[in-house]
Each structure stands twice: as C-alpha cells, then as structure tokens.
Amino acid sequence: MKNTRPQGSAQTLTGRTVEWLTFNNMHHQWLLLAACFWVIFMFMVASKFITLTFKDPDVYSTRQEFLFLTTMPEMERSPEEKHFPEELKPTGTMLVERQLLQPLVYMKRLELIRNVCRDEALKNLSHTAVSKFVLDRIFVCDKHKILFCQTPKVGNTQWKKVLIVLNGAFPSIEEIPENVVHDHEKNGLPRLSSFSGAEIQKRLKTYFKFFIVRDPFERLISAFKDKFVHNPRFEPWYRHEIAPSIIRKYRRNRTETRGIQFEDFVRYLGDPNHRWLDLQFGDHIIHWVTYVELCAPCEIKYSVIGHHETLEDDAPYILKEAGIDHLVSYPTIPPGITVYNRTKVEHYFLGISKRDIRRLYARFEGDFKLFGYQRPDFLLN
C-alpha cells in the first residue's frame, strides 16, 4: 500500500511555511529599522558631544581643536573677507551645518589673537598693562559671572542694557531710561576696578568674558560723528574743549575757521606724540583709543570676541555661551546697520594725505591684525 500524505496535511504544512517566512521577513525588517534608528541616535549624540566640547572657550585643548578641525573641514572665511560675511539661509541641512560650524568661527578668532599676541614684531601694538584704565572699562555681573569690556562706538549701549537687566536694576530692557544707561551711579553696573586685587583676579580667571569689535577706521568715523558733529547726548566738552585743542595743534590751514574736521582728528590720532593731549582729555579718549588699550586682549583671556559686522549671529551666541539666553534677549538690530560701509569710509578719508592715513594705520595696526580686519589698501596706496 503506497504511503501518501493526506492532501489536507500538505496544505497545512505549506501554510505554516508561508507564515514562518512572512514572520521571518518582518523580523528582519524590524531589526533593520531598529538599526537605522540606532545609527541616527548615535549620530545625534556624537554631534551634540562635538558641540559641547567647545562650550567653554577658556578650556579649549589641542586635542579638542584637532578633533573639531578634522570633523568640520569647512570653516569661516579668511580675515580678508570679514567685511562682507556670506549669508546662509537657516533652512534644512544648512541650519544644522551652521549650528555645528558656529563654535569654530569664535575659536578661530581667539586663535588669531593668540598668534598675533606671540608676534614680537607687533608687541608694542598688541600688548598693554592691565591698568586701572582697563579695569574701569570692564563691567561686572556677579549674579551670572559675566565680565563685559566696553568698546565705545560698537553698540555697547545695548550690551549695557542687557547687563543692567541681569543685575536686577530694571525688569526689562524697554524700561531702562536712556539717561540711566551711562550714569554709573544709577545703572547698577559695578566696574572691575572697584574690587580688591584678589577679587579682580578671581573674576578674571573664572568669569565669562567678552567684548565686541568693528572695523577700526569705521569706528573712528562713528566716534567723530557722535562726539564732534551730532553730539546727541549733549556733551559740550567735546566741541568746546577737546576740539579746539586738536585744531590748535593739528590744523594745517590756520585761516580755516570751521569747527573740527575729520582731517584734524586723523592727524591727532596718527601723531606718535598724541599722548600728551590724551592726558589732558582724560577718560573721554575711550571713544577713539585702540581696542588693545581698552581691553588688553593679550593679557586677559576672553571667552568670546564678537564682531559688529556679524552681530546678528554673535549676539545670540554670546547670550547662549554665557548661559543667559533664557533670561534676556539682545535688542532688535535694525536691518543693515552693522554692515561695513566702504563708500562711507572712502568719503571721510577723501582729501586726507596718504602720509596722515598711513600714520593712523600704524597706530591701529594691532587692532586690524588681532581681530582679522583687512588692511585698507584702498586708502593707503
């Protein structure tokens, strides 16, 4: 008798085989999907780690810098191109790339400062003593452990407002009266110079420290317009005391009766013997002395250096790095106000001798090189 399997049993076996194969395929698909999620998760963790390793610019190590440089080969443009920063639209993957590359921009600024500070040929232009004059420029927020070095004509009024709110003097930036911002008896902003030597050193070593720069020549134009032309805060001593002193010593045409001209201002600033007038003018010179003289960037290890030309990016980054972005926002920046204006610079220097412009550049060369600003050959040659 032939041994045959019943037809029903064969169909049952075939059905189970199909079910097993289906289950096996689904199992492999779920494993593949889980593996994909794991890879994505690990990538996110790795990206976060790379970003966080640069959270504190004061503790960068050579190993961390090498890791970041090899991970992110595309970096900010050369210092010669800083006047016209390329705009990146914050959409899709470009936003992610911008967020990852952003710490590198600020790291490179600090690296440039370190390199220039080591250049013996520029030592006289890049180094200064941390004197009372410098300590008077640095404002303190003990509550959030922040030091801000004031560099006038670079949007410092707005940063003062931020610190005033953080110190608790006013509940919001909008509620701060304009006449209080620069009144240091009312604005609640202590200067670093008001502390003991030991307290000063403790804050310099442990606090978050920053200041803002802009193109040095454009800053001088802003200072001249603000103090000698418009004078919006009604500070008559600039026109009635400082301007006549500059005119008496530096005006070439003695028959000229007009008030101070930009050429007079340039000749005063470019004079190697300008310091005897500086002593007469006192602290009013803060509006046009170099960043080196104001903030001592080679002697004080700053956490972040912001640039006026990229303030739309730099202001939020500084607030985030200082750990205060959830407490206060930088005031709205009017469109185009921070863009470098070469036409304006050319207009103001028109008619001024190359000799006088070169002498001016010789004094401010340290600022140009420390902060990566392009040498203004269109004025010098």
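Colleague: How do the residues of the lining of the largest pocket divide into nonpolar, polar and charged?

Modeller: The lining splits into 12 nonpolar, 17 polar and 15 charged residues. Ala, Val, Leu, Ile, Met, Phe, Trp, Tyr, Cys and Pro count as nonpolar, Asp, Glu, Lys and Arg as charged, and the others, Gly among them, as polar. Bear in mind that this is a predicted model, where local features need pLDDT of at least 70, side-chain atom pairs count only at pLDDT 80 or more, and totals for chains, interfaces and linings use all residues. Residues are numbered from 1 along each chain as its sequence is written, and side-chain values use heavy atoms, with hydrogens and water left out.

Colleague: Which residues lie nearest the centre of the largest pocket?

Modeller: Lys153, Thr157, His182, Asp226 and Arg233 do, out of 44 lining residues. A pocket here is an open set of points on a 1 Å grid over the protein atoms alone, where a 1.4 Å probe fits, with protein on both sides within 12 Å along at least five of seven lines; lining residues have an atom within 4 Å of a point.

Colleague: And how much space lies in the largest pocket?

Modeller: About 1200 Å³. That volume is the space filled by probe spheres set on the points, with grid points joined across faces, edges and corners.

Colleague: Which helix gives the most to the lining of the largest pocket?

Modeller: Helix 9, with 6 residues. The elements giving two or more residues to that lining are helix 6 (156-166), helix 7 (178-181), helix 9 (216-230) and helix 10 (237-250). Helices (H or I, at least four residues) and strands (E, at least two) are DSSP runs, numbered from the N terminus.

Colleague: How many helices and strands does the chain come to?

Modeller: 17 helices and 4 strands. The chain has 381 residues, and 44% of them count as buried; buried means under 20% relative accessible area, exposed over 50%, partly exposed in between (1.4 Å probe, protein chains only).

Colleague: Switching to disulfides. How many are there in the whole structure?

Modeller: A search finds 2, a disulfide being a pair of cysteine sulfur atoms within 2.5 Å. One joins cysteine 117 to cysteine 298, with S to S at 1.9 Å. Cysteine 117 sits in helix 3 (residues 92-117) and cysteine 298 in the loop between helix 13 (291-295) and strand 4 (304-307), 181 residues apart, so this pair links distant parts of the chain. The other joins cysteine 149 to cysteine 295, S to S 2.0 Å. That pair also links distant parts of the chain, with cysteine 149 in strand 2 (residues 146-149) and cysteine 295 in helix 13, 146 residues apart.

Colleague: Left-handed or right-handed, for cysteine 117 and cysteine 298?

Modeller: Left-handed, because the torsion about the S-S bond is about -90°. The bond between cysteine 149 and cysteine 295 has a torsion of about -95°, so that disulfide is left-handed as well.

Colleague: What pattern do the disulfides follow?

Modeller: 1-4, 2-3, counting bonded cysteines along the chain.

Colleague: Is cysteine 149 buried or exposed?

Modeller: Buried, and so is cysteine 295. Cysteine 117 counts as buried too, at 15% relative accessibility.

Colleague: What does serine 126 touch?

Modeller: Leaving out residues up to four places away in sequence, serine 126 touches Val116, Cys117, Val292, Cys298, Glu299 and Leu370, where contact means heavy atoms within 4.5 Å. Serine 126 lies in helix 4 (residues 123-126) and counts as buried because its relative accessibility is 0%.

Colleague: What about arginine 137, buried or exposed?

Modeller: Buried, at 2% relative accessibility. Arginine 137 is in helix 5 (residues 132-137), and its contacts beyond four places in sequence include Cys149, Arg191 and Asp283.

Colleague: Which residues touch the most other members of the largest nonpolar core?

Modeller: Trp159, Phe228, Tyr268, Trp288 and Phe349, in a core of 93 residues. A nonpolar core is a set of buried Ala, Val, Leu, Ile, Met, Phe, Trp, Tyr and Cys residues joined through side-chain atoms within 4.5 Å. Tryptophan 159 has contacts outside its four-place neighbourhood in sequence that include Phe148, Phe210 and Tyr330.
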